[in-house]
There are 2 protein chains.
Amino acid sequence: MATDHPIIKSLNDIDFYKHTMCQVALHRGYTDVPVEYRFLNRTKKIALPEYFTEDRLRSELDAIRKLRFTKSEITFLRGQNRNVKRMFQEDYLDFLGGVQLPEYQLSTQGDHFDLRFPGPWGQAIFWETIALSIVTELFGQAQLSRLTSFEQEVQYAQAKVRLLEKIKKIRKYPRIFITDFGTRRRFSRKWQKFVDRVLATELGKQFLGTSNTLNAMLLSLLPMGTSAHEMYMIYSAIFRQSDHQLRESHNRVLQDWWDEYGWDLSVALPDTYGSDFFFRDFLREQAVAWKGLRHDSGDPFEFAEKTIAFYEGLGIDPRTKMIVFSDGLEVDTIIELFLRFGDRILVSFGWGTTLTNDLGFTTLSLVIKAAMANHLGTVKLSDNLAKAMGSEEDIARFKNVFGYKEATYTECMV
Amino acid sequence: MATDHPIIKSLNDIDFYKHTMCQVALHRGYTDVPVEYRFLNRTKKIALPEYFTEDRLRSELDAIRKLRFTKSEITFLRGQNRNVKRMFQEDYLDFLGGVQLPEYQLSTQGDHFDLRFPGPWGQAIFWETIALSIVTELFGQAQLSRLTSFEQEVQYAQAKVRLLEKIKKIRKYPRIFITDFGTRRRFSRKWQKFVDRVLATELGKQFLGTSNTLNAMLLSLLPMGTSAHEMYMIYSAIFRQSDHQLRESHNRVLQDWWDEYGWDLSVALPDTYGSDFFFRDFLREQAVAWKGLRHDSGDPFEFAEKTIAFYEGLGIDPRTKMIVFSDGLEVDTIIELFLRFGDRILVSFGWGTTLTNDLGFTTLSLVIKAAMANHLGTVKLSDNLAKAMGSEEDIARFKNVFGYKEATYTECMV
């Protein structure tokens, strides 16, 4: 399972939601909005430059800029549909043909890498999971390389043992359905592909698919994903002429999303400015229409209770709605959530780090976020203050506009 | 790691001692002595016909009869030496060129296979480890095949984890030296080869070599081994005209062995008729000359104490002599024996089942012994009555002739 260079060999080796979001940006005319994504290592105790060199990182990132979406990758996307309707229109597929990832900015600042991806939204958008996958794999390989050849083999062997333990636990509950959300956190490209192949054969219908577009193609799986915080964050920079417009920008994302994909991809991400705001702002007709919500920060049990109460308060049967849990899941948490909520609301699980990076090494909490858009700083508040971002001044304004009350702070482990 | 057919592809896929013994038989003119080896499953609770069919076993055994020693295998043997002197003479290598394994007799009797290998000693001798390897691998594959594909992979993964744990324990004591004695007990041909390759890279000089002649050739290792009980048992049938001659037959083996190989292979197997007899019978000049003894039954700690006392009683410094422990070793027993005796006598470890068949499945205690020779029944008494064999009448006579006192009975696990 040794890593070869370059780590990433296909522009489709990304999370599927990059495509679904980029098409919305294209159809709304936002692909040229200037944005800047920034890399952040939330795991402060790990100084990445001690594990691999800036040059090595550059060589991997440079390799990406030579890649283009290939004809077969575009063909695969053309074939994607949900309930008969095609998912991607020809103008988007044409647009993809012209995508080249923009230049990155990389320097070493003391014990960390300063890594930024400025560029037009419709191009820079594709850096996120690619760069995270690269950094994570370089870090993993650095740890692996300290072992002898057989010790390395055993490290993988132990990971297989743990993977089977998880599979056996999941199999015990045939109504638990999981999705691989682990592209960005994966130990390596090869390992994620291995895990996806194993889950497909060992879990059958309990494995819904993978967020990794390339693996979906190569392994005949369903590519999975909806949208990310960047939608709300970038919209907030496009629509910030007034507090009112800023406040409206959140629901504008939801409306544009519905217009593009309708029911099929109608899973909302409610925590950009805190889920309390979301529940106040989400209209009854939206709650009726949309499939459900994705949980990505804060206590998942509290969130589920709040969600169920929200639907019940609107006279909507929660058992017709879904929560996709996707925040640092462990197998035992998955089972606990299923047992607690499985009969009260539809549940599904987007599983990341502990699925695709359970190699027995230290793992990192890395993110790449759209920190600037339309020449303005962006803001994320989240249901966990450890995940908040933005300038102090902007955060104060956003808290005010979105009526944000203090949330708890929980260190991000993954 | 799937098993392909045939399991055994080379006549040299045998324990090395088959060659060293066969050459003695050739040089003493005993290769035509009629013998009959018999298969015995000491693990009564396992009914082998429930795991694989007689036909499948036949197809594997039939494949062996088509094999011949190849030129490169004979060349490998020609190159073997110890301290300058060549180990195998040209007449033996010529003899090998004509070896074809004789017909076997196989039937299913109730819940067990009755499997016999009659033939001239110099031909039938090669069946022993081959047939044991085949039966063990068929049994292992039957257990493996009950698992899903990934579960099978994880079974190997867990075995790798355990192998590394053993290696790490052994590495802590750089003066522990081990040899792979696991051909007959190996989970599969491929797995033993894998284990040998791993030990060679991970243990360095602490891994002395392997009893498997083919693996030694393929992996550039030292082929290891001396002699087995069959030497004493067959000699006892050639020399049985009187009780005196029978009694002398035991030491005759040792004398012939010394004449053939001198000091280089002078590790005696003392327990055929109980080690008490051996210690009474082994002459002081032999004790001075021979390297040491191999322990193969009874309590190893008691045996080592007895051996040390034996040498000390003769005024021989035990620290110049060696015990090769080879009876159902576990890694912790190896370490315990080393700690207890490592400074008092040279120790070395011939490791079998728990080295090459630690796959997490049930293992068997199988043997193939020369039950008949020269038209007479043979006898083995051993230091563990669970390993004794022979007709009641013969056993009574042998106990009397060799002055055998009752030993303990300990069920054979491996």
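Trainee: Which residues does A:Thr307 touch, not counting those up to four places away in sequence?

Mentor: A:Thr307 touches A:Phe279, A:Leu293, A:Ile323 and A:Ile345. Contact here means heavy atoms within 4.5 Å. This is a predicted model: local features need pLDDT of at least 70, side-chain atom pairs count only at pLDDT 80 or more, and totals for chains, interfaces and linings use all residues. Residues are numbered from 1 along each chain as its sequence is written, chains are lettered from A and ligands numbered from 1 in the order in which they are written, and side-chain values use heavy atoms, with hydrogens and water left out.

Trainee: Where is A:Thr307 found?

Mentor: In helix H14 of chain A, residues 300-313. Helices are DSSP runs of H or I with at least four residues, strands are runs of E with at least two, and both are numbered from the N terminus.

Trainee: Is A:Thr307 buried or exposed?

Mentor: A:Thr307 counts as buried, because its relative accessibility is 0%. The cut-offs are under 20% relative accessible area for buried, over 50% for exposed, and partly exposed in between (1.4 Å probe, protein chains only).

Trainee: Which backbone oxygen does the A:Thr307 side chain reach?

Mentor: That of A:Phe303, at 2.8 Å.

Trainee: What does A:Asp276 form a salt bridge with?

Mentor: With A:Lys306; the closest N and O atoms are 2.9 Å apart. This pair links distant parts of the chain, with A:Asp276 in helix H12 (residues 275-281) and A:Lys306 in helix H14, 30 residues apart. A:Asp276 is partly exposed at 39%, and A:Lys306 is partly exposed at 33%.

Trainee: And A:Glu54 with A:Arg58, how many residues apart are they?

Mentor: Four, about one turn of the helix, and both lie in helix H2 of chain A, residues 54-65. A:Glu54 is partly exposed at 22% relative accessibility, and A:Arg58 is partly exposed with 26%.

Trainee: Switch to chain B. Which helices hold B:Glu90 and B:Arg78?

Mentor: First the bridge: their side chains meet at 2.7 Å, N to O. B:Glu90 lies in helix H4 (residues 90-97) and B:Arg78 in helix H3 (residues 71-78), so the pair ties together parts twelve residues apart in sequence. B:Glu90 is partly exposed at 33%, and B:Arg78 is partly exposed at 32%.

Trainee: Which residues are joined into one network?

Mentor: A:Asp15, A:Lys18, A:Glu128, A:Arg184 and A:Glu230, through salt bridges that share partners.

Trainee: Now the interface. How many residues does the contact take from each chain?

Mentor: It takes 18 from chain B and 18 from chain A. The two chains bury about 1,400 Å² between them, 71% of it on carbon and sulfur atoms. Buried area is the accessible area (1.4 Å probe) that two parts lose on being put together, summed over both.

Trainee: How many salt bridges between chain B and chain A?

Mentor: Four. One salt bridge joins the side chains of A:Glu153 and B:Lys160, 2.8 Å from N to O.

Trainee: Which helices of chain B supply at least two residues each to the side that touches chain A?

Mentor: Helix H7 (149-171) and helix H8 (189-203). H7(B) gives the largest share of that side, 14 residues.

Trainee: Last topic: phi. What is it at A:His375?

Mentor: Near 65°, a positive value in a residue other than glycine. Most residues other than glycine have a negative phi. A:His375 sits in the loop between strand E12 (366-373) and strand E13 (376-377) of chain A. It counts as exposed, at 64% relative accessibility.

Trainee: What about A:Ser382, buried or exposed?

Mentor: A:Ser382 is buried, with a relative accessible area of 0%. Its phi is near 70°, also positive in a residue other than glycine. A:Ser382 lies in the loop between E13 and helix H17 (392-401) of chain A.

How values were computed:
A polar contact is a pair of N or O atoms within 3.5 Å; within protein, one must be able to donate a hydrogen and the other to accept it, and residues adjacent in sequence count only if both atoms are side-chain atoms.
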